[in-house]
Amino acid sequence: MGPDNIHPKLLKSLADNQGFVKSHTLLYNKCAEESKIPSIWKTANVVALYKKGSKKKALNYRPVSLTCILCKIYEQFVRMHILNIVEDKIIDNQHGFVNKKSCFSNLLE
């Protein structure tokens, strides 16, 4: 869970609740209109995630940044909007930031 203390499962369970969806739509639209996001969306909780080996060694952990789930959803909306605008301008050789393509797929071609 991120700094907003909202669990993704909670959002998923409320996906059919029209009042919830409408209120979040208003929030996201307001963010877009004002070109601002809530300050808590800019924060993250960093936790150490165990990888392997001795749990006593710090090198056997990696940092993981837990960001706000509402911000992640907003980022997906912004990404989809941008891709809809530039979709016809992207050439076939472009692989980064394109669905079902990656830098790795670029190397394979």
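The protein chain has four helices and two strands, where helices (H or I, at least four residues) and strands (E, at least two) are DSSP runs numbered from the N terminus. Along the sequence, these elements follow the pattern α-α-β-β-α-α. The structure is a predicted model, in which local features need pLDDT of at least 70 and side-chain atom pairs count only at pLDDT 80 or more, while totals for chains, interfaces and linings use all residues. Residues are numbered from 1 along each chain as its sequence is written, and side-chain values use heavy atoms, with hydrogens and water left out.

Overall dimensions come next. The radius of gyration of the protein chain is 19 Å, whereas a compact globule of 109 residues would have one near 13 Å; the radius is taken over C-alpha atoms, and the globule rule is 2.2 Å times the number of residues to the power 0.38. Taken along the principal axes, the C-alpha atoms fill a box of roughly 50 × 45 × 25 Å. The accessible surface amounts to about 9,000 Å², with 60% of it belonging to carbon and sulfur atoms, as computed by the Shrake-Rupley method with a 1.4 Å probe. Buried residues account for 18% of the 109 residues; buried means under 20% relative accessible area, exposed over 50%, and partly exposed in between (1.4 Å probe, protein chains only).

Leucine 70 touches Asp4, Ile6, Leu11, His24, Tyr28 and Trp41, leaving aside residues up to four places away in sequence. Contact here means heavy atoms within 4.5 Å. Among contacts in the protein chain between residues at least 6 apart in sequence, 42% join residues at least 24 apart.

Two backbone details are worth a look. Most residues other than glycine have a negative phi. Asparagine 5, in the segment before helix H1 (8-13), has a positive phi of about 60 degrees although it is not a glycine. Asparagine 5 counts as exposed, at 59% relative accessibility. Serine 35, in the loop between H2 and strand S1 (44-50), likewise has a positive phi, near 55 degrees, and is exposed with a relative accessible area of 67%.
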